[in-house]
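Subject: Structure handover

Hello,

Here is the structure for you to look through. My notes on it follow below.

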Amino acid sequence: MLGELLQRYGAIEEALSVRRRELESWIHQRLLSRSDRLIIGRAIEGGKRLRPVFLLILFDALGGKDRRVALDVAFALELAHAASLMHDDIIDWDSLRRGKPALWRQIGISRAIIEGHRIINLAFKTVLEKGVEISRIFLEAWDRASLGVLEEILSTTPPSKLLYLRIIENKTASLFAAAAESAAVLAGVSDDVRFLAKEYGRLVGIVYQLGDDYADIVSNRGLARVLKSLGRVEELVRQGYFALRSGKLMELLKLWEALRGFQGYMHEILRESLIEIDRLTGMLPVTPEYRELLREFPRYCFLRMVREAG
């Protein structure tokens, strides 16, 4: 079923593949003369490049012209994402990343922390060369992403709909919004269109994260990893364990109901986000072909995440 649905998105896959190849060539050129190219290469190896490719698609859709500048900002976005993953793996004690040992397992925690900082510094240096406005967008996105991680760490119970939405808006959607807003700025569009693009990017990021979380649930990697991405699973496990050992069935049922509620409002957020995406893409000044591409892109991302989970 998912395979048949994804076949409908052949044009999206082709659009992604063309720009991904272009980006890979650009990354290779940018790292070729750097002494730290091997460690950066290990940090970004195996990534989908979804965020920077998304930037390039929206840049093209909005009529952007300076390809080299757009590729450089896309490169910086991938670096920022890679740095965040390096630190996330340490925070969550995740030993694998993209099917291989996480970088902290390869080079040690201390060095992985410092290398992550150096990679984000390179990302900021790259966008600073493109102007203060692009730099401001990156700084705002990095601050919000960091806030999202902090909210995860401090949360000890299954999140409400409002808290869950805020966490994924900060941690994940902020980088998609930054990609979209950067594309709009680089394309030289009006402030109104820039606002629409940023809001569209935010919603795409929400749908993407919903797909990631939903895939974890349906694949039975399940609740533990999802909850770890939303709050501290240790406290939930402790509550469930003592409720089970002490025979306090009602406490166990209350915990389960909270988790079921979490799954329920994921669907609500998905439906609301897709409705708003359809409205926004109808307002963006793009050709009919790009409008269809932008409308279907988040749906493709959601289905791809679920399918990859098996």
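Leaving out neighbours within four places in sequence, S174 is in contact with A141, R144, A145 and E169, where contact means heavy atoms within 4.5 Å. This is a predicted model, in which local features need pLDDT of at least 70 and side-chain atom pairs count only at pLDDT 80 or more, while totals for chains, interfaces and linings use all residues. Residues are numbered from 1 along each chain as its sequence is written, and side-chain values use heavy atoms, with hydrogens and water left out.

S174 belongs to helix α9 (residues 161–187). Helices here are DSSP runs of H or I with at least four residues, numbered from the N terminus. With a relative accessible area of 5%, S174 is buried; buried means under 20% relative accessible area, using a 1.4 Å probe and protein chains only. Its side chain reaches the backbone oxygen of N170 at 2.5 Å. That is a polar contact, meaning a pair of N or O atoms within 3.5 Å; within protein, one must be able to donate a hydrogen and the other to accept it, and residues adjacent in sequence count only if both atoms are side-chain atoms.

W104 counts as buried because its relative accessibility is 13%. Not counting residues up to four places away in sequence, W104 touches D89, I90, W93, D94, S95, I109 and A112. Which backbone oxygen does the side chain of W104 reach at 2.8 Å? It is that of D94. The backbone oxygen of D89 lies 3.5 Å from a polar atom of the W104 side chain. W93 is 11 residues from W104 along the chain, and their C-alpha atoms are separated by 9.3 Å.

Last comes helix α4 (residues 50–61). This helix has 12 residues and spans 16 Å from first C-alpha to last, close to the 16 Å expected at 1.5 Å a residue; the expected span is 1.5 Å times one less than the number of residues. Since 12 of the 12 residues of α4 are buried, it is largely enclosed by the rest of the structure. Just after α4, G63 has a positive phi of about 85°.

The axes of α4 and helix α14 (residues 288–308) come within 10 Å and cross at roughly 165°. The two are therefore roughly antiparallel, a term for angles over 145 degrees. Residues L50, F54, I57, L58, D60 and A61 of α4 meet Y290, L293, L294, F297 and C301 of α14.

Regards

Key: Buried means under 20% relative accessible area, exposed over 50%, partly exposed in between (1.4 Å probe, protein chains only). Axes are lines fitted to C-alpha atoms, for helices over the stretch in contact, and angles run from 0 to 180 degrees between N-to-C directions. Angles under 35 degrees count as roughly parallel, over 145 as roughly antiparallel, 65 to 115 as roughly perpendicular and the rest as oblique.
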